[in-house]
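Please look through the sequence and the 3D model shown here before reading on. The report is meant for a reader who is new to describing protein structures.

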Amino acid sequence: MMILAEITPLALEGNTRLAVAILMGILFGVLLIKAEFPLCKPVREALILKNGPLCKTFVLSIGAGALLFYFLNGSGIVNYHVRSGYLWPSLLGGIIAGLGMALCLRVPITAVAALAAGKIHVLWVILGMIVAVPCVTAASNWLSDTIFQWGTKLERPEHVDNILSFSNPTLWVVVICAVVVLVLQFTLGSGVEKEQEKEKPEK
């Protein structure tokens, strides 16, 4: 549990930090299950753009999370806790992560939530994530000498006091997410039509 508390960006100390991290984890897990993120079928439909509500929930959570983090960081409740980024390694890592998600229909947090919800078959996904940690550690020297040399280090994000400033990355994230949600709303619909179709009695 102490390890979990150490990787959180909460600007708290001691048992308070641990308790808040655990409570936030439980709350986030409940929200994930309610949104059906830990379930295979909804995630598969979202990946092939057939599940409008889930796609919109995912994009909306990114925008709302960025906005919430911005204000919490400004008030000193949370801190930036990110590694230095590199453009090409990040793109390559994103592709690998996307392939892993498409193969497993899970990401680490949804795998843990699915296991907590009683989906025992997700153990193989969690086992794969556990095995990946020592593999990455073993390959870290090779990665540092090769992939991490494919470009300059990305600058650390700066906190901009004015939320409406065009130089504020949070504003761009929120605007882009809002546009994507609107596009999904008019292209994939709300999902109400499918539910009504299911409820219709067969003739």
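## Basis of the description

This is a predicted model, in which local features need pLDDT of at least 70 and side-chain atom pairs count only at pLDDT 80 or more, while totals for chains, interfaces and linings use all residues. Residues are numbered from 1 along each chain as its sequence is written, and side-chain values use heavy atoms, with hydrogens and water left out.

## The chain as a whole

The protein chain holds ten helices and zero strands, where helices (H or I, at least four residues) and strands (E, at least two) are DSSP runs numbered from the N terminus. Read along the sequence, the pattern is therefore α-α-α-α-α-α-α-α-α-α.

Of the 203 residues in the protein chain, 23% count as buried; buried means under 20% relative accessible area, exposed means over 50%, and partly exposed lies in between, with a 1.4 Å probe and protein chains only. The accessible surface of the protein chain comes to about 14,600 Å², and 71% of this surface belongs to carbon and sulfur atoms; accessible areas come from the Shrake-Rupley method with a 1.4 Å probe, and for residues only the protein chains shown count as cover. Among contacts (heavy atoms within 4.5 Å) in the protein chain between residues at least 6 apart in sequence, 60% join residues at least 24 apart.

## Cys-40 and Leu-105

Cys-40 lies in helix α3, which covers residues 40–47, and it counts as partly exposed because its relative accessibility is 26%. Leaving aside neighbours within four places in sequence, Cys-40 is in contact with Leu-105, Arg-106 and His-121. Cys-40 and Arg-106 are 66 residues apart along the chain, while their C-alpha atoms are separated by 7.6 Å.

Leu-105, one of the contacts of Cys-40, is found in the loop between α5 and α6. With a relative accessible area of 10%, Leu-105 is buried, and it has a positive phi of about 55° although it is not a glycine.

Thr-110 lies in helix α6, residues 108–116, and is buried because its relative accessible area is 5%. Not counting residues up to four places away in sequence, Thr-110 touches Leu-32, Phe-37 and Pro-38.

Thr-170 belongs to helix α9, residues 169–187, and counts as buried because its relative accessibility is 12%. When residues up to four places away in sequence are not counted, Thr-170 touches Ala-66, Leu-67, Tyr-70 and Ile-163. Asn-162 has its place in the loop between α8 and α9, and at 45% relative accessibility Asn-162 counts as partly exposed.

## A nonpolar patch on the surface

Leu-87, Trp-88, Leu-91, Leu-92, Ile-96, Trp-150 and Leu-154 form a nonpolar patch on the surface, and together they have about 700 Å² of accessible area. Patches are made of residues with over 30% relative accessible area and no salt bridge, with like charges joined within 9 Å and nonpolar side chains (Val, Leu, Ile, Met, Phe, Trp, Tyr) joined within 5 Å; a salt bridge is a side-chain nitrogen of Lys or Arg within 4 Å of a carboxyl oxygen of Asp or Glu.

Leu-87 is found in helix α5, residues 87–104, and counts as partly exposed at 45% relative accessibility. Leu-92 is also found in helix α5 and counts as partly exposed, at 31% relative accessibility. Not counting residues up to four places away in sequence, Leu-92 touches Ile-147 and Trp-150. Leu-92 and Ile-147 are 55 residues apart in sequence, yet 9.1 Å apart in space from C-alpha to C-alpha.

## The second largest pocket

The second largest pocket has a volume of about 1,100 Å³. Of the 29 residues that line this pocket, the closest to its centre are Gly-93, Ile-96, Ala-97, Ala-132 and Val-136. On a 1 Å grid over the protein atoms alone, a pocket is an open set of points with protein on both sides within 12 Å along at least five of seven lines, and lining residues have an atom within 4 Å of a point. Grid points are joined across faces, edges and corners, and a volume is the space filled by probe spheres set on the points.

Helices α5, α7 (123–138) and α8 (140–145) each supply at least two residues of the lining of the second largest pocket. The helix that gives the most to this lining is α5, with nine residues.

Note on methods
1 Å grid on protein atoms, 1.4 Å probe; cavity = no way out; pocket = protein on both sides within 12 Å on 5 of 7 lines; lining within 4 Å.
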